[in-house]
Amino acid sequence: MQDLLTKFANLTIQSDFIFKKVMSRKRICKHLLEELLQIEIADINYLEAEKTLEPEYTSRGIRLDIIVADDKNTHYNLEMQVKNNKNPDTDTYVLPKRSRYYQALLDIDLLQKGQPYDLLTPTFIIFICVFDFFEQDNYVYTFKKCCLENRELELPDEATTMILNTKGTHGDISKDIKSFYDYVNNHIVTTDFTKQIDDEISYLKLDTKVRREFMLMEARLLDERREGEAVGIAKGKEIGIAEEKLATAKRMLAKGCYSLEVIAELTNLSLADVEKLMKES
């Protein structure tokens, strides 16, 4: 319990939990979007904080931190990315395909069944990264679809992906976005905007309901991890026992003094499995 309380007290804007709470404050989220895109937004509406999009039972659901729509019906998904994760099986970074998946599921969620495709609203998938994914030192990497034969020809599907690099040094960003980057990186308050964010985090940490919510969330995550570890251990034991049975059967076959039926009986393998081992050896 004390460890969780300490963890809660030490949370920063980089935490998904705190990031979601802070960006749920309309004045902060709206100003961040205005400064980032250099536009004026009359108002924003929250579709649902940390929404789960699961189009089909067999598909992979995702948790989106913040989804908002502005007064022109442009939709924004804001995500905090602290780790540049790799898929251990393919040794490839997951961020590019993750952005593609987020865009696809967001579009599915926005378009009601039976509606024509041209009713899809403009969207921005925005990843706030505390690492430079492309290693070009840019503050912002903005992506839209263009023609390979003519780079000036853009596909007007109104879908934009922005990869923000809080460690960047190149490009044009506003004073408030630069101060936001500094705050994310080092918890430095340099403008009124970052002071608002810092004050909001301080208020959140004094809120007993927020603290209780965090504790319950961490407890659920811990239960899920323990359950996963228990399943993994059980599967590991099963695999180990199966491998030992096969190794014992191979040794008995090598001796040449046991019938296949006896080997199957003593190792609890099927006769077919023992016959297969014999053929392989």
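A: One term before we start: two residues are in contact when they have heavy atoms within 4.5 Å. Also, this is a predicted model.

Q: OK. With that term, which residues is Thr 123 in contact with, leaving aside its neighbours within four places in sequence?
A: Thr 123 is in contact with His 75, Gln 103, Leu 106, Asp 107, Leu 110, Glu 158, Ala 159 and Thr 160.

Q: Is Thr 123 buried or exposed?
A: Buried means under 20% relative accessible area. Thr 123 has a relative accessible area of 1%, so Thr 123 is buried.

Q: And where is the place of Thr 123?
A: Thr 123 sits in strand β8.

Q: Zooming out, how many helices and strands does the protein have?
A: The protein has nine helices and 10 strands.

Q: What share of the residues is buried?
A: Of the 281 residues in the protein, 36% are buried. The accessible surface is about 17,700 Å², and 51% of that belongs to carbon and sulfur atoms.

Q: Back to the strands. In what order do the six strands of the open sheet come?
A: The order is β1-β4-β5-β8-β10-β9, with mixed pairing. At the edges are β1 (44–46) and β9 (140–143), each of which pairs on one side only. From one strand to the next, the twist averages 20 degrees.

Q: In what sense do β9 and β10 pair?
A: Antiparallel, over four bridges, with β10 covering residues 159–165. In one of the pairs, Thr 142 has Met 162 in β10 as its bridge partner.

Q: Which strands does helix α3 lie across?
A: Helix α3, residues 26–37, lies across β1, β4, β5, β8, β9 and β10. The helix runs at about 125 degrees to β1.

Q: New topic: helix pairs. What are they described by?
A: Two packed helices are described by the angle between their axes and the distance between the axes.

Q: Then at what angle do the axes of α2 and α6 cross, and how close do they come?
A: The axes of α2 (residues 16–23) and α6 (residues 192–206) cross at roughly 115 degrees and come within 10 Å. The two helices are therefore roughly perpendicular to each other. The crossing of α2 past α6 is right-handed.

Q: Which residues make that contact?
A: From α2, the contact is made by Ile 18, Lys 21 and Val 22. From α6, Ile 197, Glu 200, Ile 201 and Leu 204 take part.

Definitions and conventions: Residues numbered from 1 in each chain as written. Predicted model: local features only at pLDDT ≥ 70, side-chain atom pairs only at ≥ 80, totals over all residues. Heavy atoms only, no water. Buried < 20%, exposed > 50% of the residue type's maximum accessible area, 1.4 Å probe, protein only. Areas by Shrake-Rupley, 256 points an atom, 1.4 Å probe, with all protein chains shown as cover. Pairing = 2+ DSSP bridges. Axes fitted to C-alpha atoms, helices over the stretch in contact; angles between N-to-C directions. Parallel < 35°, antiparallel > 145°, perpendicular 65-115°, else oblique. Left-handed = near helix turned anticlockwise from the far one by under 90°.
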